[in-house]
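Colleague: I am new to this structure. Can you walk me through how to read it, one feature at a time?

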Amino acid sequence: MTKKALSLTEFIDLPQELQFEVLHKHGVYVGKRKADKQTIVLFQLHGFYVEVYYRQYRKIIDHVITSDNADILQPYLDQINVRGLNDNNEKNR
Amino acid sequence: MTQSLPPKSLVLYADDDPEDIELVSEAFQSYAQNVELLTFSDGIELLNFIETVDPFHVSPCLFILDINMPRLNGKETLRRLRRIESFAEVPAVLFSTSSLPADAAFAKNLNAGFVTKPLHTHQVHLIIDEIIDHCSDEVKKNIRRKNRNGN
């Protein structure tokens, strides 16, 4: 049996706790950055991206931003492990 | 009567992210009377330490290795540790922000665990427990029993 990949719309519709669970279980780390003393971590999840804005790193999440636009990768380009992302894309097909 | 304290269990943790080191060190504070956590900024630093110690006097009960590290990543560090006779059987955990099945399989092949870094506060202590679960039964029992008595 194959597991259906979650779409961006389906992810957005999930309750927040479930979003975090899915992200923790299936998210692929892309990079980490700082903005205004806030730590932001970008994950790739199936065919879209989730940016986690922390109020306190790995403890308190302020909010998340989701996007299926690759422009969100821009601030992380120097950190991207292209091989890891490609491996994961293959698995999600 | 003087009673000597039992030696602490030694955990070696390599991670290039100072924020993750801080988080794990903080989480291990609840086991501070039973566990000594030594941290390293990458795999090379950890292996250099290992080479300088006498395995009969310093025996770590667990290695925690971040996967993405400069110079020497966690996977290669694990591979090298497994080639050192005195540390080949020491429990180890690959610790990563991603949950890539390929990384989990790599860990399993080298008789190591795979734990995903916490996303938020509810997961921090669960994850430290998950990491401790990879220690030998004796160490695990020791850490938890003494911790319960101490707290």
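The dialogue below goes from confidence to folds, then to the interface and a few single residues.

Colleague: What ipTM and pTM does the model score?

Modeller: This is a predicted model. Its scores are ipTM 0.76 and pTM 0.84.

Colleague: Where in chain B is confidence lowest, and where is it highest?

Modeller: Start with the general idea. Where pLDDT is low, the predicted coordinates should not be read in detail. Now the case here. Chain B has a mean pLDDT of 87. In that chain, 91% of the residues reach 70 or more. The lowest confidence in chain B is in helix H6 (residues 137-150), with a mean of 69. The highest is in helix H3 (residues 74-83) of chain B, at 96.

Colleague: Let us turn to chain A. How many helices and strands does chain A have?

Modeller: Chain A has three helices and four strands. Along the sequence, the pattern of chain A reads α-α-β-β-β-β-α. Of the 93 residues in chain A, 24% are buried. Take the contacts in chain A with a separation of 6 or more: residues 24 or more positions apart account for 34% of them.

Colleague: In what order do the four strands of chain A form their sheet?

Modeller: The general idea comes before the case. Strands of a sheet pair through backbone hydrogen bonds, either parallel or antiparallel. In chain A, four strands form an open sheet in the order S1-S2-S3-S4, with antiparallel pairing. Strand S1 (28-35) and strand S4 (60-67) of chain A stand at the edges. Each has a single partner strand, so one side of each is left without a neighbour in the sheet. On average, and with direction ignored, neighbouring strands of this sheet are turned by 20° against each other.

Colleague: How many bridges pair strand S2 and strand S3 of chain A?

Modeller: Seven bridges pair strand S2 (residues 38-45) and strand S3 (residues 48-56) of chain A, in the antiparallel sense. For one position to look at, find Leu42(A), which stands opposite Glu51(A) in S3(A).

Colleague: Is Asp36(A) buried or exposed?

Modeller: Asp36(A) counts as exposed because it has 5 C-beta neighbours inside 10 Å. Lys37(A) also counts as exposed, with 5 C-beta neighbours inside 10 Å.

Colleague: Now chain B. How many bridges join S1(B) to strand S2 of chain B?

Modeller: Six bridges join S1(B) to strand S2 (residues 35-40) of chain B, and the two run parallel. Tyr13(B) has Thr39(B) in S2(B) as its bridge partner. S1(B) is mostly covered, with five of its six residues buried.

Colleague: Which residues of H3(B) are buried?

Modeller: An α-helix has 3.6 residues a turn, so residues three or four places apart point the same way. In H3(B), the buried residues are Gly74(B), Lys75(B), Thr77(B), Leu78(B) and Leu81(B). They cover an arc of only 160° around the axis, which puts them on the same side of H3(B). The buried residues of H3(B) pack against several elements of chain B, including strand S1 (9-14), helix H2 (43-52) and strand S3 (60-66). Strand S4 (92-96) and H4 of chain B are also among their packing partners.

Colleague: How many residues of chain B are in contact with chain A?

Modeller: 16 residues of chain B are in contact with 18 residues of chain A. Helix H1 (18-28), helix H4 (101-109) and helix H5 (121-132) of chain B each give two or more residues to the side that touches chain A. The largest share, three residues, comes from H5(B). By class, that side of chain B has seven nonpolar, seven polar and two charged residues.

Colleague: One last residue. What does Asn142(B) touch?

Modeller: Asn142(B) lies in helix H6 of chain B. Leaving out residues up to four places away in sequence, Asn142(B) touches Ser9(B) and Asn34(B). Asn142(B) is partly exposed, with 19 other C-beta atoms within 10 Å.

Terms used
Residues numbered from 1 in each chain as written. Chains lettered and ligands numbered in written order. Predicted model: local features only at pLDDT ≥ 70, side-chain atom pairs only at ≥ 80, totals over all residues. Contact = placed C-beta atoms within 7 Å. Nonpolar A, V, L, I, M, F, W, Y, C, P; charged D, E, K, R; others polar. Pairing = 2+ DSSP bridges. Axes fitted to C-alpha atoms, helices over the stretch in contact; angles between N-to-C directions. pLDDT = per-residue confidence, 0-100. Buried ≥ 20, exposed ≤ 12 C-beta atoms within 10 Å, placed from the backbone. Arc of directions from axis to C-beta.
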